[in-house]
Amino acid sequence: MKRRTVIPFGPQHVVFPEPIQFRLILEEERVVDAIPALGYMHRGIEQLATVKDFTKTLYLAERICGICSVMHTLAYAQAIEELMGIEVPPRAKYLRTIWAELGRLQSHLLWMGLAADAIGYESLFMQTWRAREVVLEMIEFTEGSRIMTGSITIGGTKRDLHAESLEFLLHKLEHLEQALNDIYPVFSDDPLIKQRTVGVGLLSKADAIKLGAVGPTARGSGIAEDMRLLGYAAYGELDFQPVVETSCDSYGRMLVRVKECFQSIELIRKAIAKLPPGEVLVKVKGRPEGEVIMRIEQPRGELLYYLKAGGDKSLARWRIRTPTLSNLPPLVHMVKGARLADVPLITLSIDTCIACVER
Amino acid sequence: MSYPAGLGIILATFLLAPVVGGLLTGLERKVIARLQGRVGPPLTQPFYDLVKLWHKRPQAANRIQIVYVYAHLFFMVTSLLAFLLGQDLLLILFIFSFATVALILGGLSVDSPYSRIGSQREIIQLVTYEPILVLLVIAYYQVTGSFMVSQARSLEQPLLFTLPLVLISFLPVFIIKVRKSPFDLATQLHEPHQELVKGIITEYSGPYLALIELASWYELVFLLALVSLFWATNWVGGLLLAAIFFFAVTVIDNITPRVTYSWMVKFVWKVGLGLAVVNVAWLYLWK
Amino acid sequence: MAWVSSARKRSPWLLHYETGGCNGCAIEFVAALTPLYDLERFGMLNTGNPKHADILVVTGCVNARSGRVLRNLYEQMSEPKVVVAVGVCACTGGIFHDGYNLAPGADKVVPVDLYLPNCAARPEAIIDALLTAADLLAETRRRDQHAHQRAPDQQG
Ligand code: SF4
């Protein structure tokens, strides 16, 4: 038998800003097994929700994850609205869509940067994060803050966009598209990037279905699955097709994300063009009662909330199943047999968000 | 060479080489930052780093590790010294490899997986570039008829004209030695290494890291001096050649990701070794 | 020695550890390294290796499990060292402060020198905090003080 080395990968690691640990069991430089160890970021959000006021839980939802904070508030607000039978004004729905897509843009750009960093391509990392700052500028201008915006609330949105902001958005989108046009060919054609990503971290379509992959991980394996097609917020009125790649490897997943950036830009443009006039917020009275399941598409895949409320001031149960949790079994499957050098990239290729998983 | 001149060279090596190496490192960090659209650290940053590291509390995993660090520095300085004194090229490259081996042994002497795997990769790198260095020496002998470095100065035309392919094949060796991407497999000095924390130097801290940093400056100067050997007849040409090399490496570092070691071995042996062999064979058949 | 402290001030190397929280602050820390903010112009490097680092940047709320890692990282750093708590989570626990498994603030686990309370600390604020931390690093007096300071007992 060959000598085996156990290498702890994480919890403190430069590629991931978040702690996750894999005990990688190596033979030479090949991984024979990977044992994920979780729990470094658990903070008991589901329990906190059962003691906090349900309106305040909204802010808790926002702080499940700092990258997709908008998505979490969106899902939570929609779930509560469904429970209480609130009809959200159409303008608010469009605003929510715009902000959700901005969130997706910044998340994907963030991921692209980290992926470039994972294969040791520092200048590409810097360039993508530079483009990301443009998105953050848009977010800050329209939502008031960079990360924790609190712009979506139960019953609508807290802010409205006036003509000036829309103008600004369109103008900046132009900038962003230019920057992305420069970055895209590097990701898709650079021979060394291809050499590092093509065929690395294979996940066949059958495996992806069996192991329950969601989001870009599933779409990179040829499964056209996108929760936005359910038509929540304003997505039902903006027609679009999910981006699908069939190469089933890290390269495919990377391309899905890069292409989705362009898709998001398109969606924002469409939403701005169609933005209806009117109110953005309706008054909310009473308390939620009953059960609901809410599914939305996060940058990382399908987010599923299960809410149960018994007419009290706080929820009875709030179950959060985040996309990364569904993508962990495919990840463990992919890491086995990989080279040590590829582990950071493969781990990133599902876009791990540990803060989401551990809540 | 007269004794006073020799003494002067020795002193200059000890005092000037770190200054030059440090400034070059600072310049390189600045250039990299500018290429990435950042402002970058001041030119004198490496010196601040060195002083700071030197005054941190030492922490060593074991004593033998410290011995290896000093050995690494000692061999590095010796190889540069011997080179500037115009000694035997074969011997110099031998000492130079010794310096690397000392670092590898230091990395292997601690029980840390990162450091171990970093050392293993360093060994692979050593095996990868060593044949090219040997070929370089052979080619040098063919042209000058001697192993002595001082011989290159008395040539009629620069080595570059007779050994252009060898110089090109030296490029990957240079990149490997200064630990730049795409071949920064074992460690990186100024950026975090994404696979192995800091690879081979993970377990060194404080003053020992400062010594490794210092050695890397000597190393940079040595490698650049080796490049300038290809135009040793005229010091302007030598400097120019070294500067071109330096900037080429910096740019390459910026536009490439890290490759895997199997790819590196394949590439360096196929292209680098291939070019060097062609050059040597051509010399052999023609002359 | 003046030149040693000036060198310390100009070359603080960073170690970032996210202990929990929502990683909003962690992302903003990484953003501070990128072109628009560029921490490297102050000589700061993100080393990712506790043995090389001078400043420990803690983001997020500390739970029992990550507290152990944090403590471990802190102990591996060699003196002089400074700890900066970034984000209200790391300072007091923030919105999660009454969670059942959390230590209210990173200072329950490691001695914290600087607090930056912000929910999602902006990169500008992070830069400011780190520069102040670099000043602290330059005061050699602190070196001994740190060595004798006993950290409060670790939670969990
Ligand atoms: S302080 Fe706010 S943004 Fe920072 S980690 Fe905590 S919840 Fe997230």
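Select Arg146(A) and Glu28(C) first: the two form a salt bridge, their closest N and O atoms lying 2.7 Å apart. A salt bridge is a side-chain nitrogen of Lys or Arg within 4 Å of a carboxyl oxygen of Asp or Glu. Between chain A and chain C the count is 2 salt bridges. The model is predicted, so that local features need pLDDT of at least 70 and side-chain atom pairs pLDDT 80 or more, whereas totals for chains, interfaces and linings use all residues. Residues are numbered from 1 along each chain as its sequence is written, chains are lettered from A in the order in which they are written, and side-chain values use heavy atoms, without hydrogens and water.

Next, display the whole interface. Here 38 residues of chain A are in contact with 40 residues of chain C, contact meaning heavy atoms within 4.5 Å. The two chains bury about 3,200 Å² between them, 64% of it on carbon and sulfur atoms; buried area is the accessible area (1.4 Å probe) lost by two parts on being put together, summed over both.

A cavity is a set of points on a 1 Å grid over the protein atoms alone where a 1.4 Å probe fits but cannot get out, and its lining residues have an atom within 4 Å of a point; the volume is the space filled by probe spheres set on the points. Of the 17 lining residues, select Gly21(C), Cys22(C), Asn23(C), Cys25(C) and Cys89(C), which lie nearest the centre.

Definitions and conventions. 1 Å grid on protein atoms, 1.4 Å probe; cavity = no way out; pocket = protein on both sides within 12 Å on 5 of 7 lines; lining within 4 Å.
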